[in-house]
Amino acid sequence: MGKSRRTVPEELLLLALDPTTGTTAQPQTLDLGLAGAQLVELSLAGRIVPEGDRIAVVLARPTGDPTLDHALELLRRRGSPVRAAHWIGGPRLGLRQTYLAHLERCGMVTAVAGQVCGVLPTTRYQASDDCTNAAIKQRLDTAIRTGVPPDPRTAALAALAHSVGLGKHLYPGNEGRSSRSRLRDLIRYDPLGGMVAHAVMDVQNGLPTQQNRSSQGPGPGSAPATGRSGARTAGRGSGGRVPASRVGVR
């Protein structure tokens with residue numbers, strides 16, 4: 001895999017990076033989103049495929065990206081397809097820091113050492129190229145503004161951004177309400193990204209892994225159902241509903 005294209009995990013983390021504070025938004029849920037983003041990127045690279053709500057390795061050849069290759073090897077060692085929610089909720093937290101270090105090595109962010117209260121050491125991260133971050137955000141803005149179905153990579157990025165609660169970071173305040181709603185609705189345009197995003201939300205809500213969720217997700221003509229928080233709910237089993245995500249838009 002060449003580096004002419006940023007990966008979905010890299011783009012998700014860059015979207016979450018606050019240029020003012022040098023920290024990431026939604027740090028508690030971002031690890032889950034990054035684990036899901038790895039699945040999306042490995043699928044786009046032809047290494048894994050969805051089988052219902054499970055993920056199966058179909059090509060174990062390394063991608064050339066060390067973080068993705070580590071995830072691919074862990075999936076390969078499972079020996080059989082693994083449920084997306086089990087994978088995302090597995091004991092592999094710390095991905096946010098792993099990817100920050102990865103982005104620093106790649107020159108995408110710069111680490112700035114500092115102190116809290118003049119005593120405790122801290123590290124803040126600044127994007128090395130603001131134009132890069134602006135271009136990523138512009139892809140989402142265009143899809144939201146025009147209503148034109150985005151490419152699978154952008155649709156998956158939007159689904160993951162919604163699933164970890166980045167909507168309020170990207171489109172804050174009352175003026176961003178409609179954009180947050182449209183960001184949520186982009187989940188319908190990529191079946192795998194939608195399945196992974198719902199798995200991320202299920203893990204956050206502590207829900208049991210769904211046995212029968214279709215990997216196809218809703219079609220472009222489906223109307224998204226919403227719960228009290230405005231987050232899209234997913235069908236379970238014979239048509240029941242799961243609670244809406246706590247990090248959904250309001």
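How are helix 7 and helix 10 oriented to each other: roughly parallel or roughly antiparallel? The model is predicted: local features need pLDDT of at least 70, side-chain atom pairs count only at pLDDT 80 or more, and totals for chains, interfaces and linings use all residues. Residues are numbered from 1 along each chain as its sequence is written, and side-chain values use heavy atoms, with hydrogens and water left out.

**View A. Packing of helix 7 on helix 10.** Helix 7 (residues 152-163) packs with helix 10 (residues 191-204) at an angle of about 10°, and their axes are 8 Å apart. The two helices are therefore roughly parallel to each other (angles under 35 degrees count as roughly parallel, over 145 as roughly antiparallel, 65 to 115 as roughly perpendicular and the rest as oblique). Helix 7 contributes Ala156, Ala159, Leu160, His162 and Ser163 to the contact, while helix 10 contributes Gly193, Val196, Ala197, Val200, Met201 and Gln204; contact means heavy atoms within 4.5 Å. Of the residues in this contact, seven are nonpolar, four are polar and none is charged (Ala, Val, Leu, Ile, Met, Phe, Trp, Tyr, Cys and Pro count as nonpolar, Asp, Glu, Lys and Arg as charged, and the others, Gly among them, as polar). Axes are lines fitted to C-alpha atoms, for helices over the stretch in contact, and angles run from 0 to 180 degrees between N-to-C directions.

View B. Strand 1 and strand 2 run antiparallel and are joined by four bridges, and Glu51 stands opposite Arg54 in strand 2. Helices (H or I, at least four residues) and strands (E, at least two) are DSSP runs, numbered from the N terminus.

View C. Ile55 counts as buried because its relative accessibility is 3% (buried means under 20% relative accessible area, exposed over 50%, partly exposed in between; 1.4 Å probe, protein chains only). Leaving aside neighbours within four places in sequence, Ile55 has contacts that include Leu39, Ile48, Pro81, Val82, Leu192 and Met195.

**View D. Pro27 in helix 2 (residues 27-44).** Pro27 counts as partly exposed, at 32% relative accessibility. Pro27 and Arg96 are 69 residues apart in sequence, yet their C-alpha atoms are 7.7 Å apart in space.

How values were computed
Two strands pair if DSSP finds at least two bridges between them.
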